[in-house]
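Work through the exercises below with the structure at hand.

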Amino acid sequence: MAAPTRRTVLGLARCWRRFESPWSLGSRSLTLAAAPSNSASPWRLLGALCLQRPPLVSKQLTPMQEEMAALLQQMEIERSLYSDHELRALDEAEQLEKKKSDLYEEKDEKNILLVQDLEDMWEQKFLQFKPGARITDADVKNDRSSLHRKLDRNLILLVKDKLGDQDVWMLPQAEWQPGETLRQTAERTLATLSENNLEAKFLGNAPCGHYKFKFPQAVRAEGSLGAKIFFFKALLLTGDFSPAVEKGRHVWASKEELGDYLKPKYLAQVRRFLLDL
Amino acid sequence: SIQAGHERGGEESGAARGRRGYNAAADIRVLCLKNDTIFKQAFSLLRFRTSGENPVYSAGGILLTTSRHYRSKPTHGIGRYKHLVKPEEPKKKKGKVEIRAINVGTDYEYGTLNIHLIAYDMALTESYAQYVHNLCNHLSIKVEESYAMPTKTMEVLQLQDQGNKMLLDSVLTTHERVVQISGLNATFAEIFLEIIQSNLPEGVKLSVREHTEEDFKGRFKARPELEELLAKLN
């Protein structure tokens, strides 16, 4: 029992030692591409960015959820005790009754403002308040390049790029350059996309997914057999594409609409790391 | 008396079989529950008794009623259990709060993290804190502590329509719940944070920070007398 465990520990130690050299620069990031035999590898490395706009509005409740919420609310009201405001309202109702019955002695009015007046004021304010619309213009027009659509879903950025001689929809990506981490590649992609208009927050240093494909025979050179793409997730904080950017090159798609744009195998890998609640 | 009869039979058969010790035909011995040594001791005594009296059950037979689990016998140490029980930690005196070393964490694992959930609605904050705690349990993330920070009360005063007086409009209470976790993987932290963020209910603010000394000290009540004395010293 001792011998196999010792061997696995040694194996682990060897792996760690191999990974330690690129990190001697002092960066705290995990790079999967840091194998020392990189120069001989036929795979090209690309870092891609999965830019997500988090939902701005919560989802609408299903009919069952609404019924349940109403029931719980009713139960809570029935079980609750009177609040200060309600006690005041009851007191004042009693006083009014006494006044009407003419047995009432004139007392100094402590409050000029009765509970009834307060409630009227609040009612007025509530009627004046207009909540924002859930279904925006962009939804009605189905303008997919606008950021102001589908407020209760995650939206992902897709761009159209040239791959070989075809125009392909994909997540924005850039080629990895030696000396930088893959996450920095993704950040570079973000910067070049919008010329610094988009601000995003990366939650971690590790990629969330990968996709590997081989080039077709025509494009294959001696060095490159294919490419490996590593996806990094980022949450959009502020900013959007400026209207000067040509239309038709980018789209903000929700999870279901991804199928309209991406290729099946690519889509399958991308779907694996999309969290849609 | 049936037992006594069986016993005598067992002893004599044991004596007859010599020093072979226990073997399969031991139902008589099972009834007796006696060692070989006792047989050897009792053997000499029994030889002198012809009546039906059994010396083992007579009053005064203390030496013979003990069943010693001798060191060379298999039953040595049969009643030992203290070595199986974990040693109890020394009991802390009331009022003394241990300041544990704050785990800073390595490059691949976060140390102690505090997840703060802040909202105006207490039931909502508590229910979401419960959800986060259960989620951590389910994902095998160690939850060190789950506590509440003191409630902050805010009075909202609005300017009256007529006149300069400020009228009390409402009282808002801010509730904060903290879930303290440790040992979060760097690779998993991203997914975990995304889950918590996307499940946030309306009105709850989320803040995830590393645990520091100030966070720990902030939970204690301010002691004005102590501060006065310290100021006097300095």
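A:Arg149 is buried, because its relative accessibility is 1%. The model is a predicted one, and the exercises start from this residue.

**Exercise 1. Find the salt-bridge partner of A:Arg149 and state where the two residues lie.**

Solution. 
- Step 1: the side chain of A:Arg149 meets that of A:Glu257 in a salt bridge, with N and O 2.9 Å apart.
- Step 2: A:Arg149 is in the loop between helix 5 and strand 2 of chain A, and A:Glu257 is in the loop between strand 8 (250-253) and helix 7 (258-261) of chain A, so the pair ties together parts 108 residues apart in sequence.
- Step 3: A:Glu257 is buried, because its relative accessible area is 7%.
- Step 4: A:Arg149 and A:Glu257 are linked with A:Lys150 in a network of salt bridges.

**Exercise 2. Describe the backbone and the setting of A:Lys150, then do likewise for B:Ser140.**

Solution. 
- Step 1: most residues other than glycine have a negative phi.
- Step 2: A:Lys150 is not a glycine, yet its phi is positive, at about 50 degrees.
- Step 3: A:Lys150 sits in the loop between helix 5 (137-141) and strand 2 (155-163) of chain A. Its relative accessibility is 22%, so A:Lys150 counts as partly exposed.
- Step 4: B:Ser140 has a positive phi of about 55 degrees and is not a glycine either.
- Step 5: the loop that holds B:Ser140 runs between helix 5 (122-138) and strand 2 (142-159) of chain B. B:Ser140 is exposed, because its relative accessible area is 67%.

**Exercise 3. For the salt bridges B:Glu126 to B:Arg177 and B:Arg219 to B:Glu145, say which parts of chain B they join.**

Solution. 
- Step 1: the side chains of B:Glu126 and B:Arg177 meet at 2.7 Å, N to O.
- Step 2: this pair links distant parts of the chain, with B:Glu126 in helix 5 and B:Arg177 in strand 3 (residues 166-185) of chain B, 51 residues apart.
- Step 3: B:Glu126 counts as partly exposed at 39% relative accessibility, whereas B:Arg177 counts as buried at 12%.
- Step 4: in the salt bridge of B:Arg219 with B:Glu145, the closest N and O atoms are 3.1 Å apart.
- Step 5: B:Arg219 lies in the loop between helix 7 and helix 8 (224-233) of chain B and B:Glu145 in strand 2 of chain B, so their pairing ties together parts 74 residues apart in sequence.
- Step 6: B:Arg219 is partly exposed at 34% relative accessibility, and B:Glu145 is partly exposed at 26%.

**Exercise 4. Which side chain of opposite charge is nearest to B:Glu190, and which to B:Asp215?**

Solution. 
- Step 1: a salt bridge needs a side-chain nitrogen of Lys or Arg within 4 Å of a carboxyl oxygen of Asp or Glu.
- Step 2: B:Glu190, in helix 6 (residues 186-198) of chain B, is buried and has no salt bridge; the nearest side chain of opposite charge is A:Lys233, 6.3 Å away.
- Step 3: leaving aside neighbours within four places in sequence, B:Glu190 has contacts that include A:Leu203, A:Cys208 and A:Lys233.
- Step 4: B:Asp215, in helix 7 (residues 213-217) of chain B, is also buried without a salt bridge, and its nearest side chain of opposite charge is B:Arg209, 4.5 Å away.
- Step 5: with neighbours within four places again left aside, B:Asp215 is in contact with B:Asn114, B:Arg209 and B:Glu210.

Technical notes. Residues are numbered from 1 along each chain as its sequence is written. Chains are lettered from A and ligands numbered from 1 in the order in which they are written. This is a predicted model: local features need pLDDT of at least 70, side-chain atom pairs count only at pLDDT 80 or more; totals for chains, interfaces and linings use all residues. Side-chain values use heavy atoms; hydrogens and water are left out. Helices (H or I, at least four residues) and strands (E, at least two) are DSSP runs, numbered from the N terminus. Buried means under 20% relative accessible area, exposed over 50%, partly exposed in between (1.4 Å probe, protein chains only). Lys and Arg count as positive and Asp and Glu as negative; His and the chain ends are not counted. Contact means heavy atoms within 4.5 Å.
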